[in-house]
Amino acid sequence: MIPNFLMYICPMYSKELLKGTLKTIILNLLSDNGKMYGYEITQKVKEISDGKLLLTEGALYPSLHGLVADGLLVTETVNIGKRVRKYYTLTKHGNVTATEKVNEFSDFVTTMQLILSPKLKTQI
Amino acid sequence: MISLNESQIDRVIKEIEKQGVSSDALKAEVLDHACCSIESSMAKGKTFEKSLNNAIKSFGVRGLFKIENQIKTQKRKKGIMRKLRFSSMSIAACLVLLVLAVDAQERPEIKPLEEGRFRISSRYGMRMHPILKEEKFHRGVDMAVPEGTPVKVTADGVIKGIENHEKGFGKHIIVAHDEEYQTVYAQLSEFKVEVGQKVKMGDIVALSGNSGMSTAPHLHYEVVRNGKRVDPELYFSE
């Protein structure tokens, strides 16, 4: 059985490739957009990635709750009639972590490019 | 923009409850998620029933139940990790003590001030700096003691440096013991040795003071091992 946290993967990419990027995605989205609620996050990811990346509920919510427990996010609820909308925002610590994670990841991407196309390296 | 009516929302609630979620907070959050998803699907021309069906399906078989369990396990794991971290720290501390007990180098063995004449006013580690008013790592130990108290060198060695930094350590002495250890005595009032002089453990090298960046008379004492500041109190064997 595939663990839930791996199920946000769309057939576009392998689960090995995407494992470990979910927190970076969430933190960065919140850093760009301020407060967001769960459904909004899934839609935003779908929209930005042109449908190549689909966040499933089974991956998103455990991750969001984990980030709250880690002190990286805080929540705020707004009543909309019978419904309650739960917004997530970065804490100060979350903001710092978001920057760190994004920097780490872009650095990783650059390194991967070097490794995958060594020609680039010799050109520099 | 389609908005679900109350009876439709009730239907969604019923479906979610069938999935075996017990936490009210999660139920409410998932309800909003499902409603958003249904509304968006209905806006594309699908019927309410079809949209509801898809929304619930998107959570997977018993998906909500799994989500809730995963959140719970995560929390439990975090608790265990916290406990583990604590116990591994104690194990590490034991190992350090063990290594210290076995290691028979020229390492600091005694306290630089006579027992009973001082009070430890600030330990090694993170602390609020009394003058700069910000969290800083305190790399030594502060021993509050009246000015002019004799300061003893804590191991055999050679006086490596005698300096005066008014904006920092004030008058201070650096002693080299062996390749591994150095000790630093700071905020002094008077030096009793010269650079290059050999000293024996327990020799008086200076008188304590209140020089440099200091708020009250004290001795700032550091132990440097292989270039890194370590907790001096680990070397107080008496």
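This is a predicted model: local features need pLDDT of at least 70, side-chain atom pairs count only at pLDDT 80 or more; totals for chains, interfaces and linings use all residues.
The largest pocket holds about 730 Å³ of space. It is lined by 25 residues, of which A:L18, A:T21, A:I25, A:L53 and A:F105 are the closest to its centre. The greatest contribution to the lining of the largest pocket is that of α5(A), with eight residues. By class, the lining of the largest pocket comprises 14 nonpolar, seven polar and four charged residues.

The volume of the largest cavity is about 40 Å³. Its lining draws on both chains: A:Y37, A:G38, A:Y39, A:Y61 and A:K86 from chain A, and B:E29, B:D32 and B:H33 from chain B. At least two lining residues of the largest cavity are supplied by α3 (38-48) of chain A, and at least two by α2 (24-43) of chain B. Of the elements involved, α2(B) gives the most to this lining, with three residues. The lining of the largest cavity divides into three nonpolar, two polar and three charged residues.

Within chain A, the packing of two helices was characterised. The axes of α2 (residues 22-33) and α4 (residues 57-69) of chain A come within 10 Å and cross at roughly 70°. This angle falls in the range of 65 to 115 degrees, and α2(A) and α4(A) are therefore roughly perpendicular to each other. On the side of α2(A), the contact is formed by A:L22, A:K23, A:I26 and A:L27, which meet A:A59, A:L60, A:S63, A:L64 and A:L67 of α4(A). Seven of the residues in this contact are nonpolar, one is polar and one is charged.

Aromatic rings were also compared across the whole structure, and six aromatic pairs were found over all chains. In one of them, formed by B:Y181 and B:Y235, the ring centres lie 5.5 Å apart and the planes stand at 80°, so the pair is edge-to-face.

How values were computed. Residues are numbered from 1 along each chain as its sequence is written. Chains are lettered from A and ligands numbered from 1 in the order in which they are written. Side-chain values use heavy atoms; hydrogens and water are left out. On a 1 Å grid over the protein atoms alone, a cavity is a set of points where a 1.4 Å probe fits but cannot get out, and a pocket is an open set with protein on both sides within 12 Å along at least five of seven lines; lining residues have an atom within 4 Å of a point. Grid points are joined across faces, edges and corners, and a volume is the space filled by probe spheres set on the points. Helices (H or I, at least four residues) and strands (E, at least two) are DSSP runs, numbered from the N terminus. Ala, Val, Leu, Ile, Met, Phe, Trp, Tyr, Cys and Pro count as nonpolar, Asp, Glu, Lys and Arg as charged, and the others, Gly among them, as polar. Axes are lines fitted to C-alpha atoms, for helices over the stretch in contact, and angles run from 0 to 180 degrees between N-to-C directions. Angles under 35 degrees count as roughly parallel, over 145 as roughly antiparallel, 65 to 115 as roughly perpendicular and the rest as oblique. Contact means heavy atoms within 4.5 Å. Rings of Phe, Tyr and Trp (its six-membered ring) pair if their centres lie within 6.5 Å; planes under 30 degrees apart count as stacked, over 60 as edge-to-face and the rest as tilted.
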